[in-house]
Every structure is written in structure tokens, then in C-alpha cells.
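Hi,

Here is the structure I promised to pass on. Have a look at it first, and then read my notes on the aromatic rings below.

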Amino acid sequence: MTHGKTKVSTASLKVMADWGIETIYGIPSGTLAPLMEALGEQEETNIEFLQVKHEEVAAMAAVMQWKFGGKLGVCVGSGGPGASHLINGLYDAAMDNTPVLAILGSRPQRELNLDAFQELNQNPMFANIAVYNRRVAYAEQLPKLIDEAIRTAIAKRGVAVLEVPGDFGFKEIDVDAFYSTAHSFRDYTSSPINVADIDAAVEVLNNSKRPVIYAGIGTMGHGPAVTELSRLMKAPVIVTGKNYETFEYDYEALAGSTYRVGWKPANETIKEADTVLFVGSNFPFAEVENTFANIENFIQIDNNPAMLGKRHNADVAILGDAGEAVNLLLEKVAPVEESAWWNANLKNIQNWREYMTKLETKESGDLQLYQVYNAINKYADEDAIYSIDVGNSTQTSIRHLHMTPKNMWRTSPLFATMGIALPGGIAAKKVYPNRQAWNLAGDGAFSMNYQDIVTNVRYDLPVINVVFTNTEYGFIKNKYEDTNSNTFGTEFTDVDYAMIAKAQGAVGFTVSRIEDMDRVMAEAVKANKEGKTVLIDAKITKDRPIPVETLKLDPAFYSEEEIKAYKEKYEAEELIPFSAFLLAEGLESKVAK
Ligand SMILES: Cc1ncc(C[n+]2csc(CCOP(=O)(O)OP(=O)(O)O)c2C)c(N)n1
Ligand SMILES: [Mg+2]
């Protein structure tokens, strides 16, 4: 029985609302006219249209919204150029297993395939990444396909793209001619764990002399259990770049992560360990960097069968939830009382921490990035949320932000697109209006999307933006120092980012001396607590953060002069190679002989 008619676009919004969608990010266009009209009416759904200044920001904010624990993000792009502007956000989502819905406008149905203005075959742009990628064929289908796209995105943890011919949304359908499947959605549960696999892992772990736990994103939420297992087995914990908030920064056996965006201890201990317990990780550098070359036993836990053995041949494979598996191991693994391996690791980690602290707590001089973090750590709320860009800020945030499981930190980890952090700040505030949110970005990355500070201001999403201004693409320049004979193309012009913030209605600060950092941060955080979007333009030195993937500290490999030059360049007089700590504990180094 029908009770009247409704517009197809309104019906589609109702389906979205039923799935809990609250916000659509984007820029209006002719091809999106019916959707915009329905959003403007706002009678039957309360879905908000959040207008951004660049569709890339729309896509990135929608994606980061899910990463920060929010509802499914939706972004819209006009047929043609608006759609193609969504690409970087959607590619990040695909590589970071993040559900998102992108709605693309297009020509009205009877104008399709005429090579008309702005018309292009849009679905192939997303064919490489989408788990759902269709064009609506007739108007009445639209609410059903919106539902299908949402369900598929969430179930398959990926990108759903729906192209909608520009006239469809205006058509009318019966009010009871559509439904959403939100109420019947059931997510996958992990498969029950095979006890024989746990026993096989226990056997290996009990016989290992130099175990490490490699804790990937699958361990998120299970920090205490992994820490307990680490203490029980006397195995230091290596984390992956995106998993720092799982552990207390102060955990004495936290070795950080391996490779470039990492810590010294992790890079050293992975070369000396004999057994790795690799939990819920897709560490993408494993094969290319030969991370596990010196490992004798590789035990892997993952809830996805497609991951088992992917990054390294697994001697023992455990399919199932990381938390459950770790708890089963806790019941069965034999406690280790005394361990020279553990002692050497703790001392090595302590040595690294002292070095970090020394840099962070300098009291005067030209501002370096380290002291900016010191001020952030001092003034950040204990449950602060961090949206981090790509560049040195990724590397230095995982070193210098003192995170705990009360924080959240998100970036573009695998696609690693610059420009992600500002949209992430917008999304963080949408998800948690009452939590303090930070956008930490290099000047190059910030320059990609800084037009959208006004979006923070307009929609009352007050974020603390910190721009690390070194007038260069530092992360790339640093790489060129190691690989090229020059650093051509990496420098750029200084810009007054505080003025850019002010021009958009935010509060701007500039700081270039260590002595002023504390005061500026205090003022910025105060203004932010009063509801203002703020920006701190931190004019920092060009000092390169220490490259830990090529440590030049060990006399077994480097001459006295090389070591001296390395220590001087990175102010690292106190750093000691791990091999020395092993030796002091009566252990041989596998690499330095
Ligand atoms: C969209 C995009 N373009 C280029 C790159 C390559 N890239 C990675 S880091 C980086 C430099 C970042 O510079 P900046 O934001 O100034 O930070 P810094 O490293 O100087 O602190 C570049 C160009 C990228 N990851 N993403
Ligand atoms: Mg820079």
C-alpha cells in the first residue's frame, strides 16, 4: 500500500540516515543538483552537507572520519573534475582498508555517451581500487544502490563509488518502494582459534632465546595483553607506524618501529632477534628491506587468511583475533625469569629515550622540531587526537609524541599521500566535538590543502594546526642526501602561514626561538579551548632527524671519523650501538662481529 510519493534523492538520503550517516562532504555542481536540493530541504533526514574548498579534502575527511572511529564517510564530486579530485582520498581508503562512499555526479540520462561537456567514463578511474563501482541505470534504483554501496563498503572495508546521472534524483517513487539493510547488517567475526596452532607457537616461543613481538594494527585495543606477554616472555615490542597509540609511550620495552619512519632500537633488535611473533600486521617494507633476514622462527597471527605468510614465510600460522590469540599464549607460554637479551634491549631503549629527551628539552636557540613536540606533549589533553601528515611529521610524531591508548593518531600510512592531516582534523572534530584535535603537518603538506582552514572556522571545528616550516620537502631532501649527488627540487619559499590562517578567520601564531615555544603553545591551546581554530607556524631549523635505518655508530662497520661525523650531525654523542649492550650482557651480536 502506498502513502504518497517522495523524490528519489530524498529516499536515498533516508537510506543513508538509516545507516547512521550524518555528514556528506563536498562541493555542489550542476550534476549534483537533485542531491543538493534534497539536502537543502532537510525535512526528513538531518544529514549535514559540509562544504569544503577542494574535493580532495572532502574525500580525505570522509575517509579519516571512519579511521577516527566515526560513521561511514560520504563524499560527493561533480561529474568530471569534481570526481577526479576525490582520487587521493579514495586511494588512501583503499590501501588502508577503510570504508567510504563516493557519489559522483554525471550528465542526465539522455545526454550520456554523447561526449558532452565534462562527460567522461568515470568508473574506470576507480576500477583499480573500488570494492563497489557502478553507474545507476534508472532512477528508481538509486536508493537500493545507495544501500548496496554502503553495505559493500562496510562489509569489504573499501571504497564504494556510485555515479548518478544528473536527473535521476528529481524523479519520484512511492514512499514505501525502498528500504535500507542497516538493521540486518552483521559484521564478520573472527574464526575460532585452532589450539594446535597456539601450542605450536608456544613450543617455538619457549625455545627461543631472543624473541620480539611485532605488534601491528591488529593489536589495537589489546595493548595491556601484549605488554603482559612481552614481560612474561622477556620480548621487546616493535610496533608498526600506525599502531603507536596501542602502547604506553613509557613502556620500558617499547622498541618503536623499524625502517625509516622508526626508532633506533627496533631497527637494531630485529637484526639480532631469533624469533618474531608477528601480530596483525601488513608491514609493507618487510620484503623490500629484508626486515626479517636474520630471523629463525616466524610466528604469525592474523584474522585474515590472505595475510598469513604474505610478508615472510610463517613457521607457525594462527588464524584468528589477535587479542584472543595473545590471551591464549599468555596462558601457556612459560615465564622467563632472567634474560640477558631483555636487559640489553631495555638498556638500548633507555639510551635512545635519553637522546630523544635531550633534543626535546633544549631551553634556548633556534627552534628545532623536537622542542615543538615537547610543547605539544606538555599542553595536549591526555585524550588528544592527532591527525598527522606525510613527511618528516610522520617520522617525528612517532618518535616524539608521548602517546597512550587514550590518544588516537591517524595518517595515510600505506598510500602515504600528503595533504591528509588537515582533512583529518576536520573529521576528528566531527567525530569527537569535545576532544582536543591536532593537525601536525610539514609546510609542503600543509600547502596542499590549507585553503580549508576556513572550513574549520565556518563549521566551528576548532583544531590546533601546527605547521613545521623548514621551507623544504625535508623528508625527500633527506632521502636525496643518501641517494643523489644533490638535493635539487626540494627547497621552496617561506610563507607566512599564520597570516594565511588569519585571512581565513583563524588565530595565527609564529614562533622561531626555543625560548618562545612554551608561551606560544600555551596561548594557542588557550585560544583553542575558547573555541578557536588556531595555527602555529613553527619556523624550524633544517636539521635532519636522525636516520635510524642507516645507523653509523658501530665501529665494526664504520671508521672513527664516520661515527664522529654522524654523531655530530645528529647531536647524538650519547648514542651507543645495540651490539655494545649485547656484548655487555655476555651476548654475541649477529651482525657486528
Ligand atoms: C601527494 C604527495 N606528493 C608527493 C609525495 C612525496 N613526498 C613524501 S614526503 C614529502 C615531503 C614532505 O614535505 P613537508 O610537508 O614540507 O614536510 P617535511 O618533510 O619537510 O617536514 C614528499 C614530497 C607524497 N607522499 N604525496
Ligand atoms: Mg617541509
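One aromatic cluster is made up of Tyr214, Tyr259, Phe278, Phe283, Phe285, Phe292 and Phe298. Keep in mind that this is a predicted model.

How many aromatic pairs turn up in a search of the whole structure? The count is 21. Let me walk you through two pairs. A quick tip before that: a pair of aromatic rings is described by the distance of the centres and the angle of the planes.

Take Tyr373 and Phe468: this pair is stacked, with 5.2 Å from centre to centre and 20° between the planes. Tyr373 belongs to helix H13 (residues 369-379) and Phe468 to strand E18 (residues 464-469), so the pair links distant parts of the chain, 95 residues apart.

Tyr386 and Trp438 make a tilted pair, 6.3 Å centre to centre with 35° between the planes. Here Tyr386 comes from strand E15 (residues 385-388) and Trp438 from strand E17 (residues 437-442), so the pair ties together parts that lie 52 residues apart in sequence. Both Tyr386 and Trp438 are buried.

Lys234 lies over the face of Trp342, 5.8 Å from the ring centre. Over the ring of Tyr249 you'll find the charged end of Arg353, at 5.1 Å from the centre.

Cheers

Technical notes:
Residues numbered from 1 in each chain as written. Chains lettered and ligands numbered in written order. Predicted model: local features only at pLDDT ≥ 70, side-chain atom pairs only at ≥ 80, totals over all residues. Heavy atoms only, no water. Phe/Tyr/Trp six-rings, centres within 6.5 Å; stacked < 30°, edge-to-face > 60°. Helix = DSSP H or I, 4+ residues; strand = E, 2+ residues; numbered from the N terminus. Buried < 20%, exposed > 50% of the residue type's maximum accessible area, 1.4 Å probe, protein only. Lys NZ or Arg CZ within 6 Å of the ring centre and 35° of its normal.
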